[in-house]
Amino acid sequence: MDRRRAEERLMVALMIGSAVVMLGTLCWILAVVLVKGLPAMRLSMLIRTPSGGFYLGREGGILNAIVGSLLVAGGATALAALVAVPVVVYINLYARPGSWIAVWTRFSFDVLWGVPSIVYGAFGFALMLRLGVRASLLGGILTVACLVLPIMCRAMDEVIRLVPGELADAAAALGATRLQTALGVVARQAMPGLVTAVLIAFGRGIGDAASVLFTAGFSDAVPTSLFRPAATLPLAIFFQLGTPFPEVQERAYASALILTAVILAVSAAARALAGRSARHIVR
Amino acid sequence: MAIAPHIRVENLDVRYGAVRALKGITADIPRKMISVIIGPSGCGKSTLLRTFNRLVETAGDARVSGRVLVDGADIFAPGTDVTAVRKRMGLLSQRPYPLPMSIFDNVAYGPRVHGVRDRRTLAAVVEGRLRQAGLWEEVRDRLHAPASRLSLGQQQRLCLARGLAVEPEIILGDEPTSALDPRSSQHIERIFMELKREYTIVLVTHILRQARRLADYVLFLYLGELVEHGPAREIFENPREEMTRDYIGGAIS
């Protein structure tokens, strides 16, 4: 009896400990970014592009990277969603359960999910060389879309699979077509999970440096066309941290703070939008 | 039977992979009566019901042979529009599954997928069908609340109203009261007694007393075979087959 109680206590202590480690890591990261980044935070960081000598400690901001990152990650997420939704709807609602196309598509998500982002970067770069496209916003969007596609597909697949089959049957029994069932009923039921999937993909896309290094390039100007190079926040942080000047390194933390804030703001906005549909969900 | 049957089943076989769930079923379902399919769990009752609106096909590995004729037309014939077949039948499942939308939108869903857009028409349909399902008085003030907030009994009546809204001729019920409390079950049973004046109703149940209360016509399935079928009185009072007698007497279950 005592042994079983001790076991129970030990395990509960471990679980709580793990939760504390998890939460502590988040708080620690936020604290470091805030403490180191806030002093260097200026309004000019948000609204100006780097002027000459920015990386030596002179005037300017990272507006180029903020806009570039939003465009690259936003474009890539939208593009990935255009592919992910049909894929997931097909393997869940159209393909026969256990059919080879469903099995192999799921297998491909898992493999692609584990491919490191630098490989996507190299793949995108090789492809662009062959097509004669230079580092550009478009190149970045396409490469990051490849990077986030398997992540989005997998997350969407999980939530769509959780929708009870009887719900789809109920719509079918009323004479709805499979497309009407998929979009009007199943997707609606899974909406909060689908939004989460999009957010996970966006977060991964906006935070990745290796995939955009060669494909989007870097520029001190805000991109004005799909065919111009685009700066991104992770690379801006990387370049600032890489300088020998402490004041520029501090700005790297301010940039990290901006990146974190952008992700939080996008998540909050998307959740608020999804929350309106969530009240109808059947539990 | 004097009138032509509403549904005629001929030599129906259903296989799930290697399992033969229904074996050569031939039967008639009379029009505007309550037909009840009885039998022990796993005997193929639900499968038989789900062939009537071809929902059996949503299980990927199901293979159907034989014919199911609704008003004389084989619904498994090549080129048949499945959505049109299903539009002719309302379905109540074991547990109510309201759609993830408001009460109003649940009832309006069927008409909407079939192209009804006019608001006044939809409002009239929603009210009429909710009245028919005995739910109107309880929900008239909160038509735009989520359907998931209703009690289970109310949800099942909502699902009935939703099915009626596509103007079916046939109502299929797959143990429609098994998840409900006794009062809600009674309520649903009363509604069925009302509805049989206008609709052909086919119910699956494993509750013999419910079958006795509701059935005009009975089909007894055992291990995928149709043992006996006929008017309820004959089956319950004077069954021809010994197995039917045993089942009704409670000797087998």
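**A buried helix, a chain interface and selected residues**

Helix H7 of chain A, residues 165-173, is largely enclosed by the rest of the structure, because 7 of its 9 residues are buried. The model described here is predicted. The buried residues of H7(A) are Leu167(A), Ala168(A), Asp169(A), Ala170(A), Ala171(A), Ala172(A) and Ala173(A). Just after H7(A) comes Gly175(A), with a positive phi of about 95 degrees.

The two chains meet at an interface. On one side, 25 residues of chain A take part in the contact; on the other, 29 residues of chain B do. About 2,200 Å² is buried between chain A and chain B. Carbon and sulfur atoms give 62% of that area. Within chain A, the residues that lose the most area to chain B are Ala173(A), Leu174(A) and His280(A). Together they make up 29% of what the chain A side buries. Ala173(A) is also among the buried residues of H7(A).

Chain B holds a packed pair of helices. Two packed helices are described by the angle between their axes and the distance between the axes. Helix H6(B) spans residues 152-164, and helix H7(B) spans residues 182-195. Their axes lie 9 Å apart and form an angle of about 20 degrees. Angles under 35 degrees count as roughly parallel. H6(B) and H7(B) are therefore roughly parallel to each other. The crossing of H6(B) past H7(B) is right-handed. From H6(B), the contact uses Gly153(B), Gln156(B), Arg157(B), Leu160(B) and Leu164(B). From H7(B), it uses Ser184(B), His187(B), Ile188(B), Ile191(B) and Leu195(B). By type, the residues of this contact comprise 5 nonpolar, 4 polar and 1 charged. An α-helix has 3.6 residues a turn, so residues three or four places apart point the same way.

Ser35(B) lies in strand E3(B), which covers residues 34-38. Its relative accessibility is 0%, so Ser35(B) counts as buried.

Asp174(B) belongs to strand E7(B), residues 170-174. Asp174(B) has 10% relative accessibility and therefore counts as buried, since buried means under 20%. Neighbours within four places in sequence are again left aside. The contacts of Asp174(B) are then Ser46(B), Leu49(B), Leu92(B), Ser93(B), Gln94(B) and Val204(B). Ile103(B) is 71 residues from Asp174(B) along the chain. The C-alpha atoms of Asp174(B) and Ile103(B) are separated by 22 Å.

Positive phi values also occur in chain B. Asn11(B) is not a glycine, yet its phi is positive, at about 50 degrees. Asn11(B) sits in strand E1(B), residues 7-16. With a relative accessible area of 54%, Asn11(B) is exposed. Leu223(B), not a glycine either, has a positive phi of about 50 degrees. Leu223(B) is found in the loop between strand E9(B), 217-222, and strand E10(B), 225-231. Its relative accessibility is 54%, so Leu223(B) counts as exposed.

Conventions
Residues are numbered from 1 along each chain as its sequence is written. Chains are lettered from A and ligands numbered from 1 in the order in which they are written. This is a predicted model: local features need pLDDT of at least 70, side-chain atom pairs count only at pLDDT 80 or more; totals for chains, interfaces and linings use all residues. Side-chain values use heavy atoms; hydrogens and water are left out. Axes are lines fitted to C-alpha atoms, for helices over the stretch in contact, and angles run from 0 to 180 degrees between N-to-C directions. Helices (H or I, at least four residues) and strands (E, at least two) are DSSP runs, numbered from the N terminus. Angles under 35 degrees count as roughly parallel, over 145 as roughly antiparallel, 65 to 115 as roughly perpendicular and the rest as oblique. A crossing is left-handed if the near helix is turned anticlockwise from the far one by less than a right angle, and right-handed if clockwise. Contact means heavy atoms within 4.5 Å. Ala, Val, Leu, Ile, Met, Phe, Trp, Tyr, Cys and Pro count as nonpolar, Asp, Glu, Lys and Arg as charged, and the others, Gly among them, as polar. Buried means under 20% relative accessible area, exposed over 50%, partly exposed in between (1.4 Å probe, protein chains only). Buried area is the accessible area (1.4 Å probe) that two parts lose on being put together, summed over both.
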